[in-house]
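Subject: A structure for you to look at

Hi,

Here is the structure I promised to pass on to you. Please open it next to this email, and then read through my notes on what turned up.

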Amino acid sequence: MNLHSRILAAGALAALAGLSALPAQAQSPAYPTRAITMIVPFAAGGPTDVISRIVTAHMAQTLGQSIIIENVVGAGGTTATTRAARATNDGYTLITGHMGTHAASVPLYPKLAYHPEKDFEPIALLAGTPILILAKKDFAPKDLKEFATYVKANVDKVNAAHAGVGSVSHVSCELLNSVLEIKPTGVPFNGTGPAMNALVGGQVDYMCDQIVNAVPQIKGGTIKAYAIATPERNPSLPDVPTTKEAGLPAFQAQAWNAIFAPKGTPPEVIAKLNAAAVKALDDENVRKRLLDLGSVIPPTAERTPASLAALVKSEIAKWTPVVKPAGN
Amino acid sequence: MSETPSHGPVKYIMPKWIRGPQDFVGGVALIAIALFALWASSDLQGMRGFSFGAGTAPRMFGFLLLGLGIAVMIVGLVTDGEHITTYAWRGPLFVSLAILSFAFMIRPMGLIFSAFTSFVISALGTPETRWGQTIIVGICLTAFCSFLFPYALGLPLQMLPKFMIR
Amino acid sequence: MGDVFSNLGLGFGVVFQLVQWTPAFLGGVSIPIPVNILLCLIGALVGTLVGVLPGIGTIATVAMLLPITFGLPPVGALIMLAGIYYGAQYGGSTTSILVNIPGEAGSVVTALDGFQMAKQGRAGPALAIAAMGSFFAGCVATVLIAVLGAPLTKLALAFGPAEYFSLMVLGLIFAVVLAKGSVLKAIAMIVFGLLLSMVGSDIETGASRMAFNIPELADGLGFATLAMGLFGFAEIIRNLDAGGETDRQLVQQKVTGLMPTRKDLKDCTPAILRGTALGSILGILPGGGAVIASFAAYTMEKKISKNPERFGRGAIEGVAAPESANNAAAQTSFIPLLTLGIPPNAVMALMVGAMTIHGIVPGPQVMQKQPELVWGMIASMWVGNLMLLIINLPLVGIWVRLLRVPYRLMFPSIVVFCAIGIYSVNNAPTDVMLAGAFGLLGYWLIKHDFEPAPLLLGMVLGPLMEENLRRALLISRGDWTVFATRPVSAVLMAIAAFLLVLAVLPSLRKKRDEVFVESEN
């Protein structure tokens, strides 16, 4: 397809979509013309990174340009997110945000240099990672109901591990504690690995964590899971009941990952990226790899930029009363 | 460490009653660093019941360094020790400038320009530099880096200045 | 025992697996290719070459090269990553010895004597003994993992916060013993390092500590930033100041042999043995064991030695012992990953990431479920170590020749490499500036005879010590006696106290001899 016919095609598409801003469309007919940078606010190999890599690999095929993953770590992902908020809004710098960077960070860091709603254009929700209530293998309570009674009765004795302030395991545990109306001693660790090690070693009693790291440990019998905080059971752990089934319906949490662009990125670019992401999520291979990780793939209706914007809004509202500002 | 034979000791700065100026000044500087750290961590919370607050450990180490600084200073006062050697200005200045120029140029100007500039500026750090040679080596090194980092290692480094990409 | 052999057999079978390659141009003739061996070789080679660039340490190298392995089959990807890991680690030692820039905490002590050896024209023997010691340690550790991997896991799980805190206290005492000059100043430097390690966010509350609202400081100072500054840049500035050219010419005249002499080997053998033993044990402990392995080994050699004053002035044991310990620890640190599926350090976390990309999330059943993966990896460790020896012994000559490059051309190149290296770790220009600032600080420290090595170790151990202390106190509800009542912790504390007495006593006694030490310089 030569340049001329591309312009025609873009114009035709725009006309079909009922958009009137034809001249603006014609100005950037061939986005993307060079490689796109996708900032991942966490280290390579973490759940967010893995999900980003799986989805962007497929998106790159659709878009016909490579997508370079740039892992920028620091301050619970907010360093990277700040950088993405300030990046040029031409669609060549994107970010995979998640529950922490685009929701829980708002109450956690009062001096946050960006606002998830005001500084970003939502593109598409990629996948949710369910959260589990986990305990050391010889922890006395047998099910979630017993667990709730036990921790309430022994709140001075129990220790809850988490993977560091602002981590998914931290904020979701705060939510669990607020649902149970308890304030146990929280023992901070530097990342999920050390926290899991302490739980397996029996040095702490319980924690909340994402499904990815926990499944092999649960199957290996080194720790136990009381419930999964999603509306439905997960195929990778069919025996673990949902919080609703187990009697704690108020505890619902998922670590979601989604693509955002800096505010002011042209709408046709957003539309193109969204279409590529949606297409990736419909691909058999992509779906299989995400499901293998225990992820929940959003249904088609939840993949639009508008529904992502609504999700961000509701998540900020959800975490604000639960998460205390850092430093307190 | 007397690995700097080309410069003689500077005796005249310090009064005679300081017998080990090197340690004395070292101790004073440690005290200053400790005080600065104590000031910088003064806004942090102390002990919270039985558990440490954010500021407990920094303050603990701050006071410890203060004590050690005083001890080093006293050692410098009462025992005979080394004199302070002169500081060269050329090396530190140009090496620092080279590092700074790289830090400021890498984002807007890309790897090629910032690596070469930083090479040339740091070469100013010694009078022994032979310019013809330095420029040739600088070009080779820049070419090598521009191949190695983005292509061989696949790092997301920008090669050319921003204005040339658009 | 029979199990071990059949398992190792399975592992080597995986490593030596041949894939039939039938290219069209040969008309149907297929060539068997040992794909995994090749991947191991490529990994070790690339890891060495990247690790050798000043400014890029082990974690950065593995993180950088991780995406390259995504396109490979899982076993091959892990074998290659393991190769990159060893290669990077060995490459880091090379820069420590040649240009005094440690790429990671483990090679800080290698720089102490290794760089002095290089200055005396003995870079060749230093590099060669590092390779040989590492290879020996690698062989022992591979066998250890195969035979005792599963039972040793219990040790890793028995270590709770109280034990780690005591271990870190012991580590700090090692850092005191490292110093070649005044003990008082060494302690001051350790505390300075501890203080620097406090910068960043508080682990328990997330409060920002001494970060002055600079986003790049929010997670604290990076090891690479500090090491490049205090060692790399400071060394350059000091050399320029001292007339680097003449210094270097002296080195070139002094270059003697490339390989260790028979006497060197004799001196080193016990050091390598002890280093391997110490490193193997410490490596098993996730969360900090491997970090202190190399300087525990160094401290032990210095304390055992009949003439400890040679340490820090080019003692070959001071290179052999920590290098062996470091490599043994690097190897045994795989144990928690292979038996529990829990990554004990940042590099292992990256490897878990690589497995996750391939859809394998390791867990306690990884040995039963993926035996070819686990045993293939264990076998590849040994092969990787062999590769390193094969790659590096010939490279020694090239590295030593590199020292003949005139310093006026060498130092700007190091500046540029370091700057790119630091920048590439986090794509943060501020990190480069910070390293520059630490370079000036390092220059000042040299001028006042403060040693940077204890500072760097304090900086590495600080967070581990504080975090584990706080965890231990949280779990014990503020009861400080846990450190004495838990047996392992009590033993570690006792050793620490004993070593401290050993370290301080002679220095008090030796005060009057100090004049001689000074004049010897």
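Before the chains, one term: two residues are in contact if their C-beta atoms, placed from the backbone, lie within 7 Å. Please also keep in mind that this is a predicted model. For the complex, the predictor gives an ipTM of 0.88 and a pTM of 0.83.

Let's begin with chains A and C. Here 43 residues of chain A are in contact with 39 residues of chain C. On the chain A side, at least two residues each come from α3 (47–63), α4 (78–86), β6 (185–188), α8 (192–200), α9 (211–220) and α12 (284–292). Which of these gives the most to the side of chain A that touches chain C? That is α9(A), with six residues. Sorted by class, this side of chain A has 18 nonpolar, 19 polar and six charged residues.

Chain C also meets chain B. That contact takes 59 residues from chain C and 67 residues from chain B. The elements of chain C that give two or more residues to its side of this contact include α3, α8 (183–197), α9 (223–241) and α10 (244–254). Further along, α18 (407–426), α19 (429–447) and α20 (452–475) of chain C are also among them. The most comes from α18(C), which gives 11 residues. By class, the side of chain C that touches chain B has 38 nonpolar, 10 polar and 11 charged residues.

How confident is the predictor about chain C? Its mean pLDDT is 82, and 93% of its residues reach 70 or more. Residues 512–521 of chain C are a stretch to treat with care, with pLDDT below 50. Beyond near neighbours in sequence, this stretch has two contacts in the model.

Next, two helix pairs inside chain C. Two packed helices are described by the angle between their axes and the distance between the axes.

Val46(C), Gly47(C), Val50(C) and Gly51(C) of α2(C) meet Thr58(C), Thr61(C), Met64(C) and Leu65(C) of α3(C). This contact has four nonpolar, four polar and no charged residues.

The second pair is α4(C), residues 74–99, and α13(C), residues 317–332, with an angle of about 160 degrees and axes 11 Å apart. So α4(C) and α13(C) are roughly antiparallel to each other. Their crossing is right-handed. From α4(C), the contact uses Tyr86(C), Gln89(C) and Ser93(C), while α13(C) brings Glu323(C), Asn326(C), Asn327(C) and Ala330(C). By class, that makes two nonpolar, four polar and one charged.

Finally, please find Gly138(B), which is in helix α4 (residues 131–152) of chain B. Is Gly138(B) buried or exposed? A residue counts as buried if 20 or more other C-beta atoms lie within 10 Å of its own. Gly138(B) has 23 other C-beta atoms within 10 Å, so it is buried. Leaving out residues up to four places away in sequence, Gly138(B) touches Phe116(B), Phe119(B) and Val120(B). Ala123(B) is 15 residues from Gly138(B) in sequence, and their C-alpha atoms are 9.5 Å apart in space.

Enjoy exploring!

Best wishes

Conventions. Residues numbered from 1 in each chain as written. Chains lettered and ligands numbered in written order. Predicted model: local features only at pLDDT ≥ 70, side-chain atom pairs only at ≥ 80, totals over all residues. Helix = DSSP H or I, 4+ residues; strand = E, 2+ residues; numbered from the N terminus. Nonpolar A, V, L, I, M, F, W, Y, C, P; charged D, E, K, R; others polar. pLDDT = per-residue confidence, 0-100. Buried ≥ 20, exposed ≤ 12 C-beta atoms within 10 Å, placed from the backbone. Axes fitted to C-alpha atoms, helices over the stretch in contact; angles between N-to-C directions. Parallel < 35°, antiparallel > 145°, perpendicular 65-115°, else oblique. Left-handed = near helix turned anticlockwise from the far one by under 90°.
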